[in-house]
Amino acid sequence: MNLFTNLQSKQTRPRALLRNTLFSATLASIALMSAPVSAETLRAVKHSALRVLDPIMTTAYMSRNHGYMIFDTLYALDSDLVPQPQMVASHTVSDDGLVYTFTLRDGLAFHDGAPVTGEDVAASIARWGERDGMGQVLMSFVDSMSQGARANEFVINLKEPYGLVIDSLAKPSSNVPFIMPKRLAETPSTEPIPEQIGSGPFVWVEDEFQPGVLAVYAKNDNYVPRSEPASWASGGKVVNVDRVEWVVMPDGQTALNALQAGEIDYWESPPSDLLPILDANPDVTVKNLNALGMQTIMRPNTLNAPMDNVMVRRAAIAAVKQKDVLDALVGNPELYNLCGAMFVCGTPLASDVGSETLVQGNGMDAAKQMLADAGYDGTPIVIMHPTDVGTLSTQPVVVAQAMRDAGFVVDLQAMDWQTLVGKRASQASIADGGWHMFMTNWVGADVFNPLVNNMVNGKGPNGGWFGWPDVPKLEELRISYATAPTLDEQKSLAAEIQKIAYEKGVYAPIGQYFVPTAWSNSIKGVLDGPVPFFWNITK
C-alpha cells in the first residue's frame, strides 16, 4: 500500500501587488570570494544558518538540507509522491512477506573511496530507526537487518508482514534514512557523527565551513547518477555546477539587494512583505516549490511543571487564534490557510476534530476557565524565541501575548535558532535551564500522516520527540494505522489520533502557509519538492 498517493496539491504564487521598488545593492560582509576563479559557483541564501551537521540526531531542516547534499537514500519520492529506487537496483520479497532483499546499484562509493555495502546500509537504517517516528514503527516489525550473501546486498527480516517497508525507506524529510559509512552510523543517535562523509552528489568542504556564516559543497566527480529524470528527491542527481555556497544573510533587505544585483542566485524563503518586489522583477523567478506548504506549530514540554498538567497545556492552546498568528507571520491571505488538521489540509487524512477554537479563534474564555481549574499559580512559562529566522520569530510573540491574555505569566527568552535546536533536546528542569514551549515549522510531507508526524509520537522521554508526551494510546493507534488495510480505516484512525492528541495537549498546528522561493533567471532546472535540491540546476 502506498501512503503517498491521492494527495491534493496546492501551488501558490503571489501576485505583483503595489510597487516595483529597488533598493541600492549592498552585500553583507561575508566570504563570497572563496571559490576558485574558474569554478562555477551557485550561491544560495537559506532560511537559517547551518551549525548542527548530523541529520539523524536532529530534525532541524538545515541539518536535513545538509544531509541531502552529501548523503543518498535507498528510495526517494518522486513528484507524484510515489517511492522510487535510488541507491537500490532491485529488490525481492519472500513469498511469506518476511524477507526483503535489496541489491545496491553499481558504482556506489563514499567520498573517501570506500564502496557502499550492505553493512553500511544496515547500520544506517538502524540508527535512523532509533530517532524517526516512521522508522520506529518500521523497527517494531523488524527482526534483524544485515548484509546479504554479497557485499552489495542488504536484507531485512520481519517478525510479521508489513506493507510499508518501501514507503518507510522513501521517507522524504526529517528525519531522512540517509546512508552513511558503518563507522559513522554506529555513533549513538544522541551524539553527532564525527565526520561528514556520504555517497551523495556533493562533497562537504570542511575547511571552508564558517558556522553561522558560510557552508560550502563541491561537486562529487565520482558520483554516478541514475538515468531517470530528476523528480523531487528521486531520479538522476546530476550536478551541473562546481560548487554550492550557502551564504548567511539574516537581513531580508540585504538578501533582496544581493539577489537583484546578481551577488546570490537563490533565496530559499524570502519574507512575504518583499515578495511583491521580487515578483515584479523580470529577472527573478518566484514560485512555491512545496505543494503541501508548511505547518507552523506550538509544542509544549510535558516534563516541566506546570506544562506537565494537561489542563494547562490545553489552556495555552485554547488561547491562540490561528488568524492572529498567520496575519503576523505571513500577512497575505493568499499565502495561508486557517487549518487545524494535524495531518494537513488538502490531504485524505485532513480533519477538523479538536481544532475548533484554533480555527474559529473563540477559545479565550475556555482557556481562562481551564487555567483556573488547573490551579495555575503564576509560574512563568519559558517560551524559546528564535530571533534570527523570519519564519520562526513571529509566532512566539503572538502566542506569548495570547497566553498572557488568558492569565499566564510568560518568560519569552530570545536566542538564535541553532541555539534553540540544541536546547530543545534537553530534558533539564526549568531551574537547570530547561524550557516549557517552542514553535517550529514543518513541511507538509513531514506531518501528513500519523507515522511521519513526530508530534503525535506518544513514546514519552524514551523515544519521543522534543516535548516528550507519554501517551501509550497514541502509539497503539499509530501501529493500528500502519497495518490498516484500507484508506477508510486509515482516515478513521487518523481522526482518532488527532482527537486524542488535542485532548492531551500534545501539540497544536497554528496555521498552514506557503513560502515561495526566489531565484535569478540565470539559473535553470530548479526542482519542486519539500526540500531545496541543488542538483539538476544549471547556471
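**A walk from a disulfide to the sheets**

What you are looking at is a predicted model, in which local features need pLDDT of at least 70 and side-chain atom pairs count only at pLDDT 80 or more, while totals for chains, interfaces and linings use all residues. Residues are numbered from 1 along each chain as its sequence is written, and side-chain values use heavy atoms, with hydrogens and water left out.

The partner of Cys-339 is Cys-345: the two form a disulfide, with sulfur atoms 2.1 Å apart. A disulfide is counted when a pair of cysteine sulfur atoms lies within 2.5 Å, and by this rule the model has 1 disulfide. Cys-345 is partly exposed, at a relative accessible area of 29%. The link between Cys-339 and Cys-345 is right-handed, with 105° about the S-S bond.

How far can the model be trusted along the chain? The predictor's confidence in each residue is pLDDT, on a scale from 0 to 100. Its mean over the protein chain is 92, and 93% of the residues reach 70 or more. Residues 1–33 are where pLDDT stays under 50, and for this stretch the model has 94 contacts beyond four places in sequence. A contact means heavy atoms within 4.5 Å.

Next come the helices and strands. Helices (H or I, at least four residues) and strands (E, at least two) are DSSP runs, numbered from the N terminus. Helix α1 (residues 61–70) is mostly covered, with 10 of its 10 residues buried; among them are Tyr-61, Arg-64, His-66 and Tyr-68.

Asp-72 belongs to strand β2 (residues 72–73). Is Asp-72 buried or exposed? Asp-72 is buried, with a relative accessible area of 0%. Its side chain makes a polar contact of 2.8 Å with the side chain of Tyr-223. Such a contact is a pair of N or O atoms within 3.5 Å; within protein, one must be able to donate a hydrogen and the other to accept it, and residues adjacent in sequence count only if both atoms are side-chain atoms. Setting aside neighbours within four places in sequence, Asp-72 is in contact with residues including Gln-86, Arg-105, Phe-178, Tyr-223 and Lys-237.

Now for the sheets. Two strands count as paired if DSSP finds at least two bridges between them. An open sheet of 4 strands has the order β5-β6-β8-β7, with antiparallel pairing. β5 (88–93) and β7 (142–147) stand at the edges with a single partner strand each, so one side of each is left without a neighbour in the sheet. Ignoring direction, neighbouring strands of this sheet are turned by 15° against each other on average. β7 pairs with β8 (residues 153–158) in the antiparallel sense over 5 bridges, and Ser-146 stands opposite Val-155 in β8.

Two helices lie across strands of this sheet. Helix α2 (residues 118–131) lies across β6 (99–104), β7 and β8, at about 145° to β7. Helix α3 (residues 133–141) lies across β7 and β8, at about 95° to β7. For these angles, axes are lines fitted to C-alpha atoms, for helices over the stretch in contact, and angles run from 0 to 180 degrees between N-to-C directions.

A second sheet, also open, has 7 strands in the order β10-β11-β12-β1-β13-β21-β14, with mixed pairing. β10 (202–204) and β14 (284–287) are at its edges, each with a single partner strand, so one side of each lacks a neighbour in the sheet. 3 bridges join β10 to β11 (residues 214–219), which run antiparallel, and Trp-204 stands opposite Tyr-217 in β11.

6 bridges join β17 to β18 (residues 410–415), and the two run parallel; Ile-381 stands opposite Val-410 in β18.

Finally, some backbone details. Most residues other than glycine have a negative phi, and most peptide bonds are trans. Trp-232 has a positive phi of about 50°; it lies in the loop between β11 and β12 (243–247) and is buried, at 9% relative accessible area. Trp-468 also has a positive phi of about 50°, sits in the loop between β19 (437–443) and α15 (472–483), and is buried at 4%. The peptide bond from Ser-174 to Asn-175 is cis, with omega near -20°, and Ala-305 and Pro-306 are joined by a cis bond with omega of about 0°.

Methods:
Buried < 20%, exposed > 50% of the residue type's maximum accessible area, 1.4 Å probe, protein only.
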